[in-house]
Amino acid sequence: MTDSALHAPAGLERAPRARFWHDLSFWGLLPSRLLMGFALILPIFIIAAVSVATRGAYGGFTWDFNLAGYSQILFNEGWTGELEFTPQYLLIIGRTFLLAGATTLICLLFAVPVAYFISRQPASRKAVLVYLVTLPFWVSMILRVYAWMIILGKDGTLPSLLEQLGFPAGMSFMFNDGATLTAMVYTAMPLMVLPVFASIEKLDGTLIEASHDLYGDRWVTLRRVILPLTAPGLVAGAILVFVPALGAVLEPTLMGGGKQMMMGSLIQLQFGGGRNWPFGAAIAMTLMALVMLFLIATALRAARREVRP
Amino acid sequence: MKKYFAATALALCFATSAQAAGELNIYAWAESISPALIEKFSKENDVKVNVDSFTSNEDLLTKLQAGSSGYDIATPSQHFLRVMIDQGIIENFGASKLKAYENIEEKWRNQWWDETQDYSIPLAYGTAGFVVNTDQYKGATDSFKYFFEPEGELKGKIALLSYPDEVIGAAQLYLGVPFCSEDQAEMKKVLDLLMAQKPSVAVYSSDNIASRLASGEVSAHFWWDGDSLRARKTGSPVKLAMTKEGLVGWMDSYVIPKGAPNHDNAVKFIEFMSTLENATEQMNFYSHSSPMKVIEDKVENTKETAPELYPDVPITFSRTCSAAAQDLVTRVWTQLLQ
């Protein structure tokens, strides 16, 4: 070990320290810091503040501390006029998580083989295939959902095709959970394929050969070599798909027929016609807290995996 | 989306026009005011007119509550107009002394939402009820019974809007429950009715109604009178049900937000839109009923060609609910879709 290393942390001793505004990187990073502060962090604090404010009679709120927004998630006045435990919001929250989880799982199942296939192509074709995966992003999301309505709806592409094959006429696959899930998986798929592809592409083929040389069969190779090495990509893809899926409003309303509320539409209702902003903000904060827990859990697991010898 | 685009395009057109003497910023329902009339006003008075559009009364209220919106004219519906007066966020511009006031049909003057008629001049009114596809459903439509308690061919072919307002109102009309009821037992009846109807409902959606109804994906849809009229005129086999329990009504009015930067131009514009000739042109453009006096033989949508706009059943206008009543409405809706 050298002398200077012994004197670490060096930063404290570097004398005299330049004032931070003389530092070019401070000014260079300032725009992005301001953008982050005003566009991301400040709004979250505002939502947090509104969630503990008192509702106004006609929407809006007053700055009086009130936890009614949070207690309403669990307890409400029942039809008999007494305060009782109301599971309806928990049901909506649970359903939203289930839908987002199912979307993530299905995306994973489809994305891994697709990404693996692309990564094993020659470089020129690889570029074209990756480009094709991103192609749906060029079209607005609402149009992509409408396209699915045309495919699955009455007299749509799929029902007409089935009719040609002898199935009964007039079938419709719209307005159910399957339709919602189809559209959600479709819109989220590129978000999963790209990170998974990035990590699979870096996978060293010789490691797979080595596994086979050591009598690992295909299953063992997948489980002990390929999955651990591509885990960061899988986790990144899962987060990119899961988190936005929690806030989905469009697909459940347009494809699912809006017969069952999701968290997104619940929040929208509270800020709109419901005129109960603090409650809407409290649900949004709860959603955020749950996502945070999910992310922390994933990060901890990833960290543990890295430490393991 | 198309509506936003059209509004933006319109706004851009005027934004690029030559330097004008004055300005006027209008905040109105998407595609609700005749662009031809706006252009005419703009030319005649050398005023640059900007039009932005909103899609819900709540959006409008929120924006005006925040203050200094920069708008000179807004067009809230009656129940929100009342709130705006009570909250003091719109101007008393002495509407009852204007020429425009004389042009309001007598029966629409001094309504409960603006008793003195000093804060507003109405621009359009209409109704909401259920519309059927007449190719698919030939049965009776003279009661909400066929919609809320469907039998036979309507089962599974019914669609409601994705938000509670008018739907709950219609259910209240059917059950004889007053609008904005704060009575839990009464609202429980509304919930029970909607819950029993739910298995027959295909979709709760406010988007894409015209094509869903025309294609026969559903046979009955909760909808607006003017939209139903426009769909029928373009060849869709649709009919607005004249339900004996009545229809849910709305009326939009011009108001001037407090602190409007171009107050005088706003009054000028309201007067301009309320002349016999222009009110007629506006009515023909918007395909809704006009609360203003119009030139009868220039009206395109007459009683014969557009029965949708001339209901012979009572119209009950949506009220301004108290927070307690609104909570009951929200609770019914959340439990229905929980």
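Modeller: One definition comes before the sheet: two strands count as paired if DSSP finds at least two bridges between them. Please also keep in mind that this is a predicted model.

Biologist: With that in mind, in which order do the three strands of the open sheet in chain B lie?

Modeller: The pairing in this open sheet of chain B is parallel, and its edge strands are β2 (47-54) and β3 (73-74), each of which pairs on one side only. β1 (residues 22-29) of chain B pairs with β2(B) in the parallel sense over eight bridges. Read across the sheet, the order is therefore, by the pairing rule of at least two bridges, the one listed for chain B, namely β2-β1-β3.

Biologist: Which residue in β2(B) is the bridge partner of B:Glu23?

Modeller: β1(B), residues 22-29, pairs with β2(B) in the parallel sense. Within β2(B), the bridge partner of B:Glu23 is B:Lys48.

Biologist: Which helix of chain B packs on the sheet?

Modeller: The helix in question touches β1, β2 and β3 of chain B, and its direction makes about 60° with that of β1(B). Spanning residues 263-273 of chain B, the helix that packs on the sheet is α11.

Biologist: Turning to the two chains, which element gives the most to the side of chain B that touches chain A?

Modeller: In this contact, 31 residues of chain B meet 27 residues of chain A. Elements of chain B that give two or more residues to it include α3 (57-65), α4 (78-87) and α8 (184-197), and by class this side of chain B divides into 12 nonpolar, 14 polar and five charged residues. The greatest contribution, six residues, comes from α13(B).

Biologist: Are α8(B) and α13(B) roughly parallel or roughly antiparallel?

Modeller: The two helices pack with their axes 10 Å apart, at an angle of about 30°, and their crossing is right-handed. Since angles under 35 degrees are counted in that class, α8(B) relative to α13(B) is roughly parallel.

Biologist: How many nonpolar residues are there in the contact of α8(B) with α13(B)?

Modeller: From α8(B) come residues including B:Met187, B:Val190 and B:Leu194, which meet residues of α13(B), among them B:Leu328 and B:Val332. The contact has two polar residues and no charged ones, and the number of nonpolar residues is eight.

Biologist: In chain A, at roughly what angle do the axes of helix α4 and helix α8 cross?

Modeller: α4(A), residues 88-119, and α8(A), residues 177-201, have axes that come within 7 Å, and α4(A) passes α8(A) in a right-handed crossing. By class, their contact has 22 nonpolar, three polar and one charged residues. The two helices are oblique to each other, and the axes cross at roughly 45°.

Biologist: How far apart do the C-alpha centres of domain 1 and domain 2 of chain B lie?

Modeller: The assignment for chain B gives domain 1 as 2-125 + 251-306 and domain 2 as 126-248 + 310-336. In their contact, 14 residues of domain 1 of chain B meet 10 residues of domain 2 of chain B, and the largest share of the domain 1 side, four residues, comes from α4(B). Between the C-alpha centres of these domains, the distance is 28 Å.

Technical notes:
Residues are numbered from 1 along each chain as its sequence is written. Chains are lettered from A and ligands numbered from 1 in the order in which they are written. This is a predicted model: local features need pLDDT of at least 70, side-chain atom pairs count only at pLDDT 80 or more; totals for chains, interfaces and linings use all residues. Two residues are in contact if their C-beta atoms, placed from the backbone, lie within 7 Å. Ala, Val, Leu, Ile, Met, Phe, Trp, Tyr, Cys and Pro count as nonpolar, Asp, Glu, Lys and Arg as charged, and the others, Gly among them, as polar. Axes are lines fitted to C-alpha atoms, for helices over the stretch in contact, and angles run from 0 to 180 degrees between N-to-C directions. Angles under 35 degrees count as roughly parallel, over 145 as roughly antiparallel, 65 to 115 as roughly perpendicular and the rest as oblique. A crossing is left-handed if the near helix is turned anticlockwise from the far one by less than a right angle, and right-handed if clockwise. Domain bounds come from an automatic or database domain assignment.
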